[in-house]
Amino acid sequence: MKRRFQAVKGTRDILPPESALWNRVEQTAREVLAAYNYHEIRLPLFEETEVFARSVGVDTDIVSKEMYTFAERDGTSLSLRPEATASVVRAYIEHGLFQQPGLTKLYYIGPMFRRERPQKGRYRQFYQIGAEALGPSDHPAIDAEVIEMVLVFIERCGLKGAALYLNSIGCGTCRPTYVELLRRELKKVESRLGPDSQRRIETNPLRVLDSKVEGEQPIITKLPSILDHLCAACREHFEHVQRALKDRGITYQINPRLVRGLDYYMRTTFEITAPGLGAQDAICGGGRYDGLVELLGGPAGVKGIGWALGTDRFLLALSSQQSAVSAEALDVYVAWLGEPTRREALRLARRLREKNLSVEMAYEDTKLRKSLELANKLSARYTIIVGEDELKQGKFTLREMSSGQQQLLTESELREWLKR
Ligand code: HAM
């Protein structure tokens, strides 16, 4: 017996008709993003490991245990991208995009890789649609616009019940003081925390706030809130973001525990959840990363904000609300009857396909009954019958499959009809 292969754990194939839904969602994203003046950037799937280590942070789960890292022949460490914000910033600096006036608005669509424990809504190769706005301004109106944009996309796709959670995690001035305070408070309750949270007291105390461990929840709710420790500038920024959201009629809930799992964030952070997903219910995460361009060797003073939507989870949520996708319908089945009609049928099929109609036809001579059965199986809307009698008159029989009605048409009449 020959060995049969399977897709690697945590990866999967997206087959038709599901792939049609993916295309539809990605197409909607392109339309909405273009409407907000965002333009596509196509990025490599791997980078020098250092790009992610420096931006996402060496103590984060993503960098410390989830990256697919391998050595180039010269010893350079490379990694499959676990996310794309770092790559966007690398490219922004490399190509001097900061010389453009105003904001640079970019979006990307594609796979990311994280070695996480696979489960529903969590894969090792997963897909994101992401947007980033970089430039000299950190005006709160940008935060609000970026958030509005993803909500408009979600709404246009028809997903119901998405909820927006908002927080500010401060800046280089106020956060270190808060983190120290948090560490001191965490040490007092250390013995009651699980091993992950205990470890994070030293490495990344903010991440304890993000813990999902049931038994830790009563302890975490009593910890000091970052929102009570923002500096004046961060407080004003956060209040302004909220006013800007209200101006746009966007509802949100503040969640002071929303710290996100990547180190580059400062000030605004947000997440969007969707119903029907169980534990992995975050369909989108994002926030402001004002220091990141400088951290990766770019000029000081460039600000950035963006989000990434997890397409896999988004589609899971969408499919739980909408009826299953049906196979994409076929426009026309061309049935030819007997060798003399084959050439005419081939020519017709090609002409129709040039008009972007989806067309199927038999490769070998097939009886009419069998052809009609096949056309039905393929959910063809029409069958065009190319028979010898028709050929003599320079006409074709057009059969509407739902009603069984037939009419005899010339080619130009046929094309007129199908156009309608
Ligand atoms: P993130 O929160 O790590 O942020 O990922 C964004 C979204 O990607 C998540 O909300 C989730 O829907 C999806 N996601 C993450 N990991 C997985 C997985 N293993 N399987 C399936 N879906 C997953 C970022 O990646 C940031 N780069 C977002 C950002 C852009 N911040 C600023 N700009």
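Guide: What follows begins at the ligand and then moves to the salt bridges, the backbone and the surface. The model is a predicted one.

Start with the shell of residues around the ligand. There are 27 residues in this shell, and those that come nearest are Glu83, Glu116, Glu132, Tyr265 and Ala282. Sorted by class, the shell holds twelve nonpolar, eight polar and seven charged residues.

In the side chain of Glu83, an N or O atom is 2.5 Å from a nitrogen atom of the ligand. Glu132 also has a polar side-chain atom placed by a ligand nitrogen, at 2.8 Å. For Gln128 the ligand atom is an oxygen, and it is 3.1 Å from an N or O atom of the side chain. How much of the ligand does the protein bury? Taken alone, the ligand exposes 660 Å², and 96% of that is buried by the protein.

Which elements give two or more residues to this shell? They are β6, residues 125-135, β10, residues 282-288, and β11, residues 303-310. The element that gives the most is β10, with six residues.

The side chain of Asp138 meets that of Arg267 in a salt bridge, with 3.4 Å from N to O. Arg267 has a relative accessible area of 11%, so it counts as buried. Asp138, at 21%, is partly exposed.

Arg267 has a further feature, this time in the backbone. Most residues other than glycine have a negative phi. Arg267 is not a glycine, yet its phi is positive, at about 55 degrees. Another residue with a positive phi is Arg260, at about 70 degrees, and it is not a glycine either. Arg260 is found in the loop between β8 and β9, and Arg267 lies in that loop too. Like Arg267, which is buried, Arg260 is buried, with a relative accessible area of 13%.

Another joins the side chains of Glu411 and Arg351, at 3.8 Å from N to O. Glu411 is in helix α15, residues 411-419, and Arg351 is in helix α12, residues 339-354, so the pair links distant parts of the chain, 60 residues apart. Through shared partners, salt bridges join Glu344, Arg347, Arg351, Glu411 and Arg415 into one network. Within it, Glu411 is buried at 13% relative accessible area, while Arg351 is partly exposed at 31%.

Asp210 is partly exposed, at 23%. Lys212 has 68% relative accessibility and counts as exposed.

Most peptide bonds are trans. The bond from Pro16 to Pro17, however, is cis, with omega near 5 degrees. Pro17 is in the segment before α1. Ser19 lies in α1 itself, the helix of residues 18-35, and is partly exposed, with a relative accessible area of 23%. The C-alpha atoms of Ser19 and Val325 are 9.6 Å apart, although 306 residues separate the two along the chain.

Last comes the surface. Leu45, Phe46 and Phe70 form a nonpolar patch there, and together they have about 260 Å² of accessible area. Of these, Phe46 is found in strand β2, residues 46-48. Phe46 is partly exposed, with 43% relative accessibility.

Conventions. Residues are numbered from 1 along each chain as its sequence is written. This is a predicted model: local features need pLDDT of at least 70, side-chain atom pairs count only at pLDDT 80 or more; totals for chains, interfaces and linings use all residues. Side-chain values use heavy atoms; hydrogens and water are left out. A residue is near a molecule or strand if one of its heavy atoms lies within 4 Å of it. A polar contact is a pair of N or O atoms within 3.5 Å; within protein, one must be able to donate a hydrogen and the other to accept it, and residues adjacent in sequence count only if both atoms are side-chain atoms. Accessible areas come from the Shrake-Rupley method with a 1.4 Å probe; for residues, only the protein chains shown count as cover. Helices (H or I, at least four residues) and strands (E, at least two) are DSSP runs, numbered from the N terminus. Ala, Val, Leu, Ile, Met, Phe, Trp, Tyr, Cys and Pro count as nonpolar, Asp, Glu, Lys and Arg as charged, and the others, Gly among them, as polar. Patches are made of residues with over 30% relative accessible area and no salt bridge: like charges are joined within 9 Å, nonpolar side chains (Val, Leu, Ile, Met, Phe, Trp, Tyr) within 5 Å. A salt bridge is a side-chain nitrogen of Lys or Arg within 4 Å of a carboxyl oxygen of Asp or Glu. Buried means under 20% relative accessible area, exposed over 50%, partly exposed in between (1.4 Å probe, protein chains only).
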